[in-house]
Amino acid sequence: MNNPSPDDVRHMARALQLAKRGLYTTDPNPRVGCVIVRDGQVVGEGWHKRAGEPHAEVHALAAAGQQARGATAYVSLEPCCHHGRTPPCSEALVKAGIARVVAAMPDPNPRVASQGIAALEKAGIRVDIGLLQAESERLNPGFISRMTRARPYLRVKLAASLDGRTALAKGESKWITGESARADVQRLRARSSAILTGIGTVLADDPSLTVRDLDIDRQPLRVVVDPHLRMRPTARMLTLPGATLVVTSEEHANDAAALRAAGADVFCLPVVSERMNLKLLLEHLATRDVNEVLVEAGATLCGELLRAGLVDELVLYLAPHLLGSDARGLFNIPGLEDMGKRVAMDIQDVRAIGKDWRITAKLKISS
């Protein structure tokens, strides 16, 4: 969008602020906010709260009532134009008499793919698109990834000492970071569609991998990579609310009766060169409407994902202590022979979380 006015920017920023209210609840739908302005005054606001319920535009139009006629709608994502669990928002905007729509970004969903814009323009509505697009994209990385790459956005969370160690040599890791950092991880879990871990972590810690202390009405899918099907039917996570997916190799396809009886879903993957095809796993998760995956795993699985080029983002919590050279590292990856083979990252954010530091970085290359 060229030459937006200060008011345009202000109202779109408000729409994005509203969209963030659905950070934990809209999954698998995108987080979207809408502001309706007439004669310089905000007459309606709304955001998408959860899948199956009205979209942001519908809430905002309901709040605006008759004042929507001739108004401008600021929406953080192109209005939908297809019939799903709810009617098309483009039709609602046309029916309400909206005169102008400002959208932060096109909808990457192939079912929309600028058809929402076309429908609005066909009805005589002026459409401007691209205002604060980067901010809108940052709000929905998983939805965009699923729609454009047919796989979720993969975020690896790790906690380490200042010398980059995640656990003592014998495996003890409670607690590397403080309470504030652990609470911050709960927020990462709450925004995720799935939490991915390895069987080594499950056997060693018997984790719950649930969202705690946050008021949300869903639990992310728990995904356990278990090549040799060592998962116990008595694992704690199988007794908790939410679903658990155990991912094993095809050779164990007929050995999962006990796990299924305990409530687990079992998915089999081919093994190539003694490694499971993790890219196929992410593609499978996309078919289950998984947008964002949070990896909470040990160095082996994290290293496999890194080698496969599947890591999009690293969230690293650094605690102010040292664990020594015999302690366990962050990633099991082959030693590099020259500096040109380093894994490149762009630091996005560094901030204090209690007594610890959180570093957020994007991988420069991911597939």
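Which backbone nitrogen does a side-chain oxygen of asparagine 277 reach at the start of α10? That of lysine 279, to within 3.2 Å. This is a predicted model, where local features need pLDDT of at least 70, side-chain atom pairs count only at pLDDT 80 or more, and totals for chains, interfaces and linings use all residues. Residues are numbered from 1 along each chain as its sequence is written, and side-chain values use heavy atoms, leaving out hydrogens and water.

**Overall build**
- The protein chain has 11 helices and 16 strands (DSSP runs: H or I of at least four residues for helices, E of at least two for strands, numbered from the N terminus).
- Its radius of gyration, taken over C-alpha atoms, is 23 Å, close to the 21 Å from the globule rule for 367 residues, so the chain is as compact as a globular protein of that length. That rule is 2.2 Å times the number of residues to the power 0.38.
- Of the 367 residues, 49% count as buried (under 20% relative accessible area with a 1.4 Å probe, protein chains only; exposed is over 50%, partly exposed in between).

**Around helix α10**
- Helix α10 spans residues 278–287, and its buried residues include Leu278, Leu281, Leu282 and Leu285.
- Just after α10, aspartate 289 takes a positive phi of about 65 degrees.

**Around valine 350**
- Valine 350 sits in strand β15, residues 345–353, and is partly exposed, with a relative accessible area of 47%.

Conventions
Polar contact = N/O pair within 3.5 Å; in protein donor to acceptor, adjacent residues only side chain to side chain.
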